[in-house]
Amino acid sequence: MGSSGRTHLKVAVTGGAGFIGTHTVQLLLDRGDQVLVIDDLRHACGQPVPAKLLVADIASTTVRDALLDFGPDVVVHLAAQGGVSRSLRDPAADAMNNVVGTVGLLRSMVTANCHKVVFASSGGAIYGRARRLPSLETDSAQPLSPYGAAKLSGEDYLGMFQRTFGVQYTALRYGNVYGPFQDGTGEAGLVAITCDRLLRGLGPEITGDGQQSRDFVYVGDVARANVLAVDRPLQTAVNIGTGRGTSVLEIAGALSRLAGWTAPPVHVQARPGEVRSNYLNIGRACSRLGWSPVTTLETGLGETLAAFQLQRSAGRDRIGTVS
Ligand SMILES: NC(=O)c1ccc[n+]([C@@H]2O[C@H](COP(=O)([O-])OP(=O)(O)OC[C@H]3O[C@@H](n4cnc5c(N)ncnc54)[C@H](O)[C@@H]3O)[C@@H](O)[C@H]2O)c1
């Protein structure tokens, strides 16, 4: 029991060495929880891990044994292969990690008598070409990528594990998460990629006309949602976004202003089939999770650019990672 009167929990965080994981682990530690990070470091964000770290694949028996040993009250399952484009290039590899890995982890949890999980799903990839905006959790999910299909499948398995094995869960459908420690060298993560380009003296890159919009949500707010969901399993999916769409042009313009960049952006061809607009209704997050975003886009972009600048000047650019 801590000074807050709350019983401290044992929380295992898969993918805890990654971008969202790093912020989530810190919040859990700040409130006194005991944390075990499980990450095979294939895409770690390069920040020191401030908790006990098990370097292992989520589907391995090593993880099952570690869960048996640690005895977590809850697992925050963030480990996944990110990247819609990558999943389109190799759908089977995506499914192996994001579907089979998730099922293996859920099975290990049950073996270790852990019956609570928070799952990182995707509001950006699950709804597909939304019929109406902002998307509601009750709208039909029609993913356009193997990555989105894997997230939807993960949610289906959560439902099954809940009905059959009594595993309580919350599936958080994040929008486009951005913030410090995101990989700016990959194919996904517009804010991180633009920060990285600006600091390398390259202009922002605009695909197509740049009017396509997404729901950009700050990583500190997402980490807070993860922690709230640890305490409040809702047995359902919950959108985590801002409720508004921001265009690629707006993001590029705002970051250019913050960085003092005045040259015109670089224009590249539109991606065929790219969804025009996607943003999320966050009513359920407000009413059932007690969550709403508190970081304005301006503040979040400023913090992100500042963190990238700091990382660059400290010579700690992300190393040894894949896109
Ligand atoms: N970043 C976003 O905008 C966004 C949006 C929606 C959903 N999500 C989901 O949120 C979660 C976290 O995303 P992120 O942006 O922090 O990604 P990330 O790549 O920075 O972090 C993922 C972490 O998981 C680890 N990992 C991957 N596969 C693993 C495996 N099989 N075993 C052990 N560790 C493994 C990686 O090494 C990495 O440290 C993912 O599930 C992702 O799909 C992210």
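Reader: Which elements each supply at least two residues of the shell around the ligand?
Author: They are α1 (19-30), α4 (91-111), β5 (116-122) and β7 (176-178). Helices (H or I, at least four residues) and strands (E, at least two) are DSSP runs, numbered from the N terminus. This is a predicted model: local features need pLDDT of at least 70, side-chain atom pairs count only at pLDDT 80 or more, and totals for chains, interfaces and linings use all residues. Residues are numbered from 1 along each chain as its sequence is written.

Reader: Which element gives the most to that shell?
Author: α1 does, with 3 residues. The ligand is surrounded by 29 residues (C-beta atom, placed from the backbone, within 6 Å). The closest are Gly15, Gly18, Phe19, Ala80 and Ala120. The shell holds 13 nonpolar, 12 polar and 4 charged residues.

Reader: Why are α9 and α11 called oblique to each other?
Author: The axes of α9 (residues 248-259) and α11 (residues 297-313) cross at roughly 55 degrees and come within 10 Å. Under 35 degrees is roughly parallel, over 145 roughly antiparallel, 65 to 115 roughly perpendicular, and the rest oblique. The pair is therefore oblique.

Reader: What makes the contact between them?
Author: α9 brings Ala254, Leu255, Leu258 and Ala259. α11 brings Glu298, Leu301, Gly302 and Leu305. Contact asks for C-beta atoms, placed from the backbone, within 7 Å.

Reader: What makes α7 oblique to α11?
Author: The axes of α7 (residues 190-199) and α11 cross at roughly 50 degrees and come within 10 Å. That angle makes α7 oblique to α11. Val191, Cys195, Asp196 and Leu199 of α7 meet α11 residues including Leu301, Thr304 and Phe308.

Note on methods: Ala, Val, Leu, Ile, Met, Phe, Trp, Tyr, Cys and Pro count as nonpolar, Asp, Glu, Lys and Arg as charged, and the others, Gly among them, as polar. Axes are lines fitted to C-alpha atoms, for helices over the stretch in contact, and angles run from 0 to 180 degrees between N-to-C directions. Two residues are in contact if their C-beta atoms, placed from the backbone, lie within 7 Å.
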